Amino acid sequence: MRQQEDIPADLSELIRLGQVATVDLAAARCTVRYGDPDDEDGGAETPPIRWLAPRAGQTRSWSPPSIGEQALLLVPDGQLAAAIALVGIWSDAFPPPGSTLAELVEYADGARVSYDPQAHALTAILPAGATALVEAPGGMILRGDVRIEGNIDLQGAMSATDDVTAAGISLKSHKHGNVQAGAVQSGPPVAG
């Protein structure tokens, strides 16, 4: 059991406020600059340390901190090498991206994914040239009307339980013009 005298007398040794200075994505570590750079000691920087993630077990989240992002350092036993950076603190450099109840994730390239519980609206907006991929080997179901603005390149079969209409011409009930008996082919479909 820990003795009371083992706890550092200066609580500032256990909790510090700083800014992310470097990020090593491969090692999942960052350094944090803390202290006042105008003080005589000029502030200091941690060794490479871990940052807090929302999940880090069988379910894992990956959202690395940004250089310049504010971080709260939790420093167990006052040992900086064991510190953990808690990021996600608003600052002038990184202000909140919203001011409503809508939950929002905004990325450096301008992409935004949000859900507004008041409007019941899920929105994903990607910047020019961005792509999206949904891979579901077991299949995918969309319930509700779907509107697509743009071309469709279907690589596979398509079936419909109801009619298909193109340029006002029904696939199920269209008629043909210029019909003659015998081996002559009919003309193209005509609108009903």
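Select D77 to begin: with a relative accessible area of 46%, D77 is partly exposed. The model on screen is a predicted one. D77 sits in the loop between β5 and β6. Its phi is positive, about 60°, although D77 is not a glycine.

Next, select H120, in the loop between β8 and β9 (121-125). H120 is another residue other than glycine with a positive phi, here near 55°. Is H120 buried or exposed? At 62% relative accessibility, H120 counts as exposed, because the cut-off for that class is over 50%.

**The open sheet**

Now show the strands as a cartoon. Six of them form an open sheet with mixed pairing, in the order β3-β2-β1-β5-β6-β4. Which strands stand at the edges? They are β3 (44-45) and β4 (50-51); each has a single partner strand, so one side of each is left without a neighbour in the sheet.

Within this sheet, select β1, residues 15-24, together with β5. The two run antiparallel and are joined by five bridges.

**The nonpolar core**

Select V20, C30, V32, Y34, I49, W51, A71, L73, V75, A83 and A85 and show their side chains. These eleven residues make up the largest nonpolar core. Two strands, β2 (29-34) and β5 (70-74), each supply at least two residues of this core. The largest share, three residues, comes from β2. In soluble globular proteins, nonpolar side chains tend to be buried together.

Keep Y34 selected and look at what surrounds it. Setting aside neighbours within four places in sequence, Y34 is in contact with R16, L17, G18, G43, A44, E45, T46, L73 and L80.

Move to residues 103-106, strand β7, and residues 112-116, strand β8. These strands run antiparallel, with four bridges between them. E106 stands opposite R112 in β8. How many residues lie between the strands of this hairpin? There are five, and in the hairpin G110 takes a positive phi near 100°.

Stay on β8 and select S114, which lies in that strand. S114 has a relative accessible area of 17% and is therefore buried, the cut-off being under 20%. Apart from neighbours within four places in sequence, its contacts are E103, L104, A121, L122 and T123.

**The largest pocket**

Rolling a probe the size of a water molecule over the atoms shows where empty space is left. To centre the view, select S63, S66, E69, W90 and E106, which lie nearest the centre of the pocket among its 21 lining residues. β6 (84-89) and β7 are the elements that give two or more residues to the lining. What kinds of residue make up the lining? It divides into 16 nonpolar, three polar and two charged residues. E106 links this stop to the previous one: it is among the residues nearest the pocket centre, and it stands opposite R112 in β8.

Terms used
Residues numbered from 1 in each chain as written. Predicted model: local features only at pLDDT ≥ 70, side-chain atom pairs only at ≥ 80, totals over all residues. Heavy atoms only, no water. Pairing = 2+ DSSP bridges. Core = buried A, V, L, I, M, F, W, Y, C linked by side-chain atoms within 4.5 Å. Buried < 20%, exposed > 50% of the residue type's maximum accessible area, 1.4 Å probe, protein only. Contact = heavy atoms within 4.5 Å. 1 Å grid on protein atoms, 1.4 Å probe; cavity = no way out; pocket = protein on both sides within 12 Å on 5 of 7 lines; lining within 4 Å. Nonpolar A, V, L, I, M, F, W, Y, C, P; charged D, E, K, R; others polar.
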